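Here's a quick briefing to read with the model open beside you.

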Amino acid sequence: MMWLRRNLPGLLLAAAVASVATVAGKAAPVVGAPILALCGGVLIGVLGRRSVTETGVFAEGLALTRQRILGAAIVLLGLGLPVGSVLEVGRQTAVVLFGTLALGAVAAVVIGRMLALDRDSATLVAVGTTICGASAIAAATAVIKPEKERVAYALGTIFVFNIVAVLAFPPIGRLLGLSEQAFGLWAGTAINDTSSVLAAGVIFGPAAAHFAVIVKLVRSLMIVPLCLGLHFSRRAGAKLSLRQSLPLFVVLFLVASVIAGTGIVPPTWVAPLGRLSAWLIAAVLAAIGSSLTWRQLRANGARPLVFGGALGLILAVGSLALQTATGWR
């Protein structure tokens, strides 16, 4: 009872911000609920600093949200990624999809070193750009435990280039004479956030939107090797048991994806569970935003933004080049 009394105010505050952001995100899908939740959290933190982030009534619940909710949200994502159905699309698009991911990974290492970015900022912007936006940043955050301002800046960077992509991709696709399926492949491999992939696809055409989202789901499965790679690289040299070395939420994510492919989960449940996952991620981002200060955000400078822009451009051009080389027109 005492635990509930200490944590409930902060949990309810995060839930309220996430709910408002989710509703607003439907009206402004280019912005999306994750960014709106983060901004709402920042606003609350600025207006009520001590009562939100220090010793006030909301502090413990917000801290609990930041630390414990991400894993559950990521596991729920797996229920929207049935392994069997997405693997077929993965087989058809493997060269373009995995070639683009490999290109993005190499570019992230090279450009990150050129810009002398700190390790966590480079990791968060890179995974958000190359894999699946806010969901990948959330997954990486659960593994590497970066400072809050690094997460906020990475999400802000993703947001900027989501808008650029939604506005730029459809007219460029038409100028290049891409078919709807080819455009869907391009959007699914080169735009980072699912809502922005869908928005760009809808602008181009219904078939483009459908195929883009499927390609994006295949790309999202890379969350699993991403988390494992980050986990083991950050613990190199440590003597750990298998249970200790494998993040539990990664195992449960895989189990959820397999379950989604068996048909055990009723089809009518999949969309609500996906929305619940997105809502939980928004709650976490609201809690993160509530503890930020403008000084922390300014300290990151412009280099992560330059880094994200360069990666986004490389992915867009690289995906088109691979499509041309493999006959996807």
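Phe169, Phe183, Trp186 and Phe204 come together as one aromatic cluster. Bear in mind that this is a predicted model, where local features need pLDDT of at least 70, side-chain atom pairs count only at pLDDT 80 or more, and totals for chains, interfaces and linings use all residues. Numbering runs from 1 along each chain as its sequence is written, and side-chain values use heavy atoms, with hydrogens and water left out.

**The rings, pair by pair**

- Searching the whole structure turns up three aromatic pairs; rings of Phe, Tyr and Trp (its six-membered ring) pair if their centres lie within 6.5 Å, with planes under 30 degrees apart called stacked, over 60 edge-to-face and the rest tilted.
- Phenylalanine 169 and tryptophan 186 are stacked, because their ring centres sit 4.0 Å apart with the planes at 20 degrees.
- That pair ties together parts 17 residues apart in sequence, since phenylalanine 169 lies in helix α8 (residues 148–175) and tryptophan 186 in helix α9.
- Helices here (H or I, at least four residues) and strands (E, at least two) are DSSP runs, numbered from the N terminus.
- Phenylalanine 169 is buried at 8% relative accessible area, and tryptophan 186 is buried at 2%; buried means under 20%, exposed over 50%, and partly exposed in between (1.4 Å probe, protein chains only).
- Phenylalanine 183 and tryptophan 186 make an edge-to-face pair, 5.9 Å centre to centre with 80 degrees between the planes.
- Those two residues are three apart in helix α9, so about one helical turn separates phenylalanine 183 from tryptophan 186.
- Like tryptophan 186, phenylalanine 183 is buried.

- The protein chain has a mean pLDDT (the predictor's confidence in each residue, from 0 to 100) of 79, and 87% of its residues reach 70 or more.
- Confidence is highest in helix α9 (residues 180–190), at a mean of 90, and lowest in helix α13 (residues 242–245), at 46.
- Over residues 237–245 pLDDT stays under 50, and the model has five contacts for them beyond four places in sequence; a contact means heavy atoms within 4.5 Å.

**The chain as a whole**

- The protein chain has 17 helices and zero strands.
- Of its 329 residues, 50% count as buried.
- Among contacts between residues at least 6 apart in sequence, 82% join residues at least 24 apart.
- The chain's accessible surface comes to about 14,900 Å², with 71% belonging to carbon and sulfur atoms; areas come from the Shrake-Rupley method with a 1.4 Å probe, and for residues only the protein chains shown count as cover.

**Salt bridges**

- There are two salt bridges in the structure, each being a side-chain nitrogen of Lys or Arg within 4 Å of a carboxyl oxygen of Asp or Glu.
- Glutamate 60 and arginine 6 meet through their side chains at 2.9 Å, N to O.
- This one links distant parts of the chain, with glutamate 60 in helix α4 (residues 59–78) and arginine 6 in helix α1, 54 residues apart.
- Both ends count as partly exposed, glutamate 60 at 40% relative accessibility and arginine 6 at 35%.
- Aspartate 118 and arginine 150 form a salt bridge at 3.3 Å, N to O.
- Aspartate 118 lies in the loop between α6 (94–114) and α7 and arginine 150 in helix α8, so the pair ties together parts 32 residues apart in sequence.
- Aspartate 118 is partly exposed, at 28% relative accessibility.

**A glycine in helix α7**

- Glycine 128 lies in helix α7 (residues 119–144) and counts as buried, at 0% relative accessibility.
- Not counting residues up to four places away in sequence, glycine 128 touches Gly133, Ala136, Ile137, Ile158 and Asn192.

**Positive phi in two loops**

- Alanine 116 has a positive phi of about 55 degrees although it is not a glycine; this residue is in the loop between α6 and α7 and is exposed at 52% relative accessibility.
- Lysine 145, also not a glycine, has a positive phi of about 50 degrees; this residue lies in the loop between α7 and α8 and is exposed at 58%.
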